[in-house]
Amino acid sequence: MEQASTEDHDHQPIDLDRLRRTAESVLRGNWSGDHMVPSRTLYPHQWSWDAAFISIGLAHVAPDRAWRDLRSLFTAQWPDGRVPHIVFDPGVSEKDYFPGPAFWDVPPLPGGPSHIRTTGIVQPPVHALAARMIHRVAPDVEELRWLYPRLVAQQEYLLKQRDAGGAGLVSIVHPWESGLDNSPSWDEALARLPADVRVLDRYQRRDVQVAVATHRPTNDDYARYIALATSYRDNGYQDFDLLERHGFVVECPAFNALTADAELALAEIAQVVGADPGPHRERAAEITQTMVERLFDPGTGLFHVFDVRTGKRSEARCVNGLMPLILPELPQEVAASLAAEAASGRFGLSPLPVPSYDRTAPDFDPLRYWRGPVWINVNWLLRRGFAEHGYALQAEALRQAMLSVVDRSGCFEYFHPITGEGIGTPEFSWTAALVLDLLA
């Protein structure tokens with residue numbers, strides 16, 4: 001049973017009841033009938049990996065909404081199995097979010113509801129994990145039966161259509177697909193692309209109208225994002241010959257770790273719905289082994305992004321390089337290396353949760369999105385990884401650090417990695433949802 005309060009790193013007691021009420025209030029306010037929005041101001045639609053993290057927390061307070069959020073997202077799944085990174089709310093004006101449905105120009109799903117409009121790119125497949133965790137809290141075999149073939153189709157798309165490198169790992173075709181939009185992980189790959197900021201004369205950035213510009217990706221980066229999205233769109237969102245046709249094709253360690261993790265969750269779901277768990281476990285083991293061989297650098301003790309076009313690993317030390325810690329079949333020495341790096345001065349310099357980028361890097365930026373700030377979702381995943389490999393003290397310390405920073409600053413999108421101040425958009429759904437899971 002959760003105690004009524006605990007201590008944060010300043011020895012201030014955390015009022016856990018108040019924290020729980022605050023988190024529940026955020027989720028009530030961001031519910032939109034059949035799905036949750038990440039926030040009312042900046043993100044007025046349904047985001048893919050947000051929906052997964054949100055449903056994990058919702059399971060503890062409104063399991064019917066948790067299942068409904070996932071079902072709503074997978075109703076927009078494409079025939080090829082991809083789960084789009086945004087499902088647009090038809091009630092939101094085009095001018096209230098960019099790039100909106102007119103930019104992506106995705107036709108209605110064949111045989112699907114005519115009002116559904118989506119983007120053409122994906123996000124990390126956290127959804128099988130979410131379904132497994134909801135079912136543990138609020139068992140519903142029928143929901144799992146409905147989701148299971150769709151979750152399998154998602155994995156099939158990623159592991160077959162997106163294996164651009166031919167090694168059995170998933171390639172992403174846009175930084176937005178990683179969820180870590182402007183991480184330094186992508187700098188080298190993006191630097192080879194021209195940054196034509198004139199494109200922003202034609203397309204107005206909505207994010208810098210409702211958020212502080214110095215907290216958001218730069219105009220140069222944004223121009224490249226638009227160019228990549230346009231290129232993928234104009235090629236019909238096709239995935240064949242990506243290396244010949246597309247300027248950005250990389251293997252992200254966090255995305256692939258979550259793909260392997262999804263296979264492990266599907267193995268558990270398969271047993272519930274009467275399917276064979278064996279192939280899921282085999283795929284998880286294969287992805288884990290390939291990641292260690294291809295993406296891990298013993299010299300840095302971290303996993304790194306692999307640029308499929310150049311055959312080189314990025315040198316940037318980013319939080320996605322710690323994410324494979326969630327995989328139970330990681331070799332013991334690799335897990336120990338990640339745990340040590342997470343505790344080092346690069347990532348664990350303060351009692352705050354782990355930042356998104358190496359604190360000692362010369363271009364570490366404590367305010368700009370994924371170039372330094374603390375994010376709750378990746379820390380929540382890291383906590384799972386610590387626990388998975390027997391680092392119970394580190395897992396609990398990270399849990400306390402997350403609860404402390406949200407208690408002091410609120411359910412913000414992300415947090416200053418030195419002061420703990422909330423930055424980005426307030427009333428952020430996955431922060432609230434994962435706090436509820438940490439309290440459960």
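Begin by selecting Arg371 and Asp363 in this predicted model, where the two residues form a salt bridge whose closest N and O atoms are 3.7 Å apart. Arg371 counts as buried, because its relative accessibility is 12% and the cut-off for burial is under 20%, while Asp363 is partly exposed, with a relative accessible area of 34%.

Move on to Asp261 and Arg384, whose side chains meet in a salt bridge with an N to O distance of 3.1 Å. Colour helix α13 (residues 253-273), which holds Asp261, and helix α16 (residues 376-388), which holds Arg384, and you will see that the pair therefore ties together parts that are 123 residues apart in sequence. Both Asp261 and Arg384 are buried.

For another pair, select Arg233 and Asp234, whose side chains meet in a salt bridge at 2.9 Å, N to O; here Asp234 counts as exposed, at 54% relative accessibility. Across the model, the count of salt bridges comes to 25.

Finally, turn to helix α2 (residues 48-58) and helix α3 (residues 63-74), whose axes come within 8 Å and cross at roughly 165°. Because angles over 145 degrees count as roughly antiparallel, α2 and α3 are described that way, and α2 passes α3 in a left-handed crossing. To see where they touch, show the side chains of Ser48, Ala51, Ala52, Ile54, Ser55 and Leu58 in α2, which meet Pro63, Arg65, Ala66, Asp69, Leu70 and Leu73 in α3. By class, this contact has 8 nonpolar, 2 polar and 2 charged residues.

How values were computed. Residues are numbered from 1 along each chain as its sequence is written. This is a predicted model: local features need pLDDT of at least 70, side-chain atom pairs count only at pLDDT 80 or more; totals for chains, interfaces and linings use all residues. Side-chain values use heavy atoms; hydrogens and water are left out. Axes are lines fitted to C-alpha atoms, for helices over the stretch in contact, and angles run from 0 to 180 degrees between N-to-C directions. Helices (H or I, at least four residues) and strands (E, at least two) are DSSP runs, numbered from the N terminus. Angles under 35 degrees count as roughly parallel, over 145 as roughly antiparallel, 65 to 115 as roughly perpendicular and the rest as oblique. A crossing is left-handed if the near helix is turned anticlockwise from the far one by less than a right angle, and right-handed if clockwise. Contact means heavy atoms within 4.5 Å. Ala, Val, Leu, Ile, Met, Phe, Trp, Tyr, Cys and Pro count as nonpolar, Asp, Glu, Lys and Arg as charged, and the others, Gly among them, as polar. A salt bridge is a side-chain nitrogen of Lys or Arg within 4 Å of a carboxyl oxygen of Asp or Glu. Buried means under 20% relative accessible area, exposed over 50%, partly exposed in between (1.4 Å probe, protein chains only).
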